[in-house]
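Me: I have a structure open here and would like to talk it through with you. Could you take my questions one at a time?

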Amino acid sequence: EQPIFSTRAHVFQIDPNTKKNWVPTSKHAVTVSYFYDSTRNVYRIISLDGSKAIINSTITPNMTFTKTSQKFGQWADSRANTVYGLGFSSEHHLSKFAEKFQEFKEAARIAKEKSHEKMELTSTPSQESAGGDIQSPLTPESINGTDDERAMPEVTQNSEPRAEPTQKALPFTHSSTISKHWEAELATLKGNNAKLTAALLESTANVKQWKQQLAAYQEEAERLHKRVTELECVSSQANAVHTHKTELNQTIQELASTLKKKEEEIEGLKQEIENARELQAQRDSLTQKLQEVEIRNKDLEGQLSDLEQRLEKSQNEQETFRNNLKTLLEILDGKIFELTELRDNLAKLIECS
């Protein structure tokens, strides 16, 4: 078999219990291919998911592919007793698959008609030999039969003339008519015998062909059996791989969780760095302001020292002034005392005079 058309789609099968719901048979889109078997002259739809065949459907003339939506189509397979569904990525892929289905369905119908015509041609000599009474087509068993059946035409040919003496006695006037009748029967039997011989030769050739096909089918069966054994081995390996894959998935999930935590920590550290930068900027600003304040404080301290010196000088001056005032007051008190004594003396002089 050779693939003649391939596409990718999601594969579904109808639920065998409900006959309503779709059950996915592939986790992702897989390759779906049309195959042609030139030995049996049949077309098949095959799809593999890894080493598992999820579609193995032989196309027959009575099949119909139905588009149920813009991207989904289905067909029923009576041999597999199921309904297959395909989900495509676009309407174009669905239309292309439907066209190929119709094309190969028509080719299967033509092949079936040719096969029927061939069987009818094979069975025609046998039908003629039986006078049109035999309606079933020739089969290897009916053509070959047993040794007794193969010898039947010869026995019939010889036994019919011998049956003449056992007939009831007939008038002599009818003997010539009876003789002609049996001669005609004999000729008919000879013709039938010749036809049967030809049919037997043709059926023998067909039997050889069928034996060759049977041998080919046996070889195919052995090959498929080996393939099944290989697939079973692959399946056991696939189970181990699946277990390892599960463990890897768990490890990946744990690493992903750890990575997420680390990313959150990094985000927190970045936020702290931003805050630290803001604090550093505030610190620099405050440091600059502090320096300005210190400079201003020094200026104020200088001014305060100057004021203190001036105050001290002023206090010294005031102390000097006070001392001078005290001296003046003492002098003034002395002068007043002298004036008072002078007044008293003058008064006494006035009184005395």
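This is a predicted model: local features need pLDDT of at least 70, side-chain atom pairs count only at pLDDT 80 or more; totals for chains, interfaces and linings use all residues.

Me: Ok, and which side chain does E106 meet in a salt bridge?

Reply: The partner is R109, and the N to O distance between the two side chains is 2.1 Å. Both residues belong to helix α1, which covers residues 91-129, and because they are three residues apart there, about one helical turn separates them. R109 is itself partly exposed, since its relative accessibility is 30%.

Me: What else does R109 pair with?

Reply: R109 also forms a salt bridge with E113, at 2.4 Å from N to O, and these two residues are four apart in helix α1, again about one turn of the helix. E113 counts as partly exposed because its relative accessible area is 37%. Taken together, E106, R109 and E113 are linked in a network of salt bridges. As a general point, side chains of opposite charge can pair when their charged atoms come close.

Me: How many salt bridges turn up in the whole structure?

Reply: The search finds seven. One of them joins the side chains of D37 and R40, with 3.0 Å between N and O.

Me: Changing topic, what's the overall layout?

Reply: There are five helices and eight strands, and from the N terminus on the order is β-β-β-β-β-β-β-β-α-α-α-α-α. Of the 353 residues in the protein, 17% are buried, and the accessible surface comes to about 26900 Å², with 54% of that area belonging to carbon and sulfur atoms. Among contacts between residues at least 6 apart in sequence, 51% join residues at least 24 apart.

Me: Which residues have the most contacts inside the largest nonpolar core?

Reply: That core has 23 residues, and the ones with the most contacts inside it are Y34, I45, I55, W75, L86 and F97. The elements giving two or more residues to it are β1 (2-14), β3 (30-37), β4 (42-49), β5, β8 (82-87) and α1, and α1 gives the most, with six residues. In soluble globular proteins, nonpolar side chains tend to be buried together.

Me: Take I45 then, what is it in contact with?

Reply: Leaving aside neighbours within four places in sequence, I45 is in contact with V32, S33, Y34, I55, N56, S57, I59, W75, F97 and F101.

Me: F101 makes me think of F65. How far apart are F65 and F101?

Reply: They are 36 residues apart in sequence, and their C-alpha atoms are 7.0 Å apart in space. F65 is found in the loop between β5 (52-58) and β6 (66-67), and this residue counts as buried because its relative accessibility is 13%. Not counting residues up to four places away in sequence, F65 touches G73, Q74, W75, L94, F97, A98 and F101.

Me: And T7, what does that one touch?

Reply: T7 lies in strand β1 and is buried, since its relative accessible area is 9%. Beyond neighbours within four places in sequence, T7 is in contact with V30, T31, V32, F88, H93 and F97.

Technical notes. Residues are numbered from 1 along each chain as its sequence is written. Side-chain values use heavy atoms; hydrogens and water are left out. A salt bridge is a side-chain nitrogen of Lys or Arg within 4 Å of a carboxyl oxygen of Asp or Glu. Buried means under 20% relative accessible area, exposed over 50%, partly exposed in between (1.4 Å probe, protein chains only). Contact means heavy atoms within 4.5 Å. A nonpolar core is a set of buried Ala, Val, Leu, Ile, Met, Phe, Trp, Tyr and Cys residues joined through side-chain atoms within 4.5 Å. Accessible areas come from the Shrake-Rupley method with a 1.4 Å probe; for residues, only the protein chains shown count as cover.
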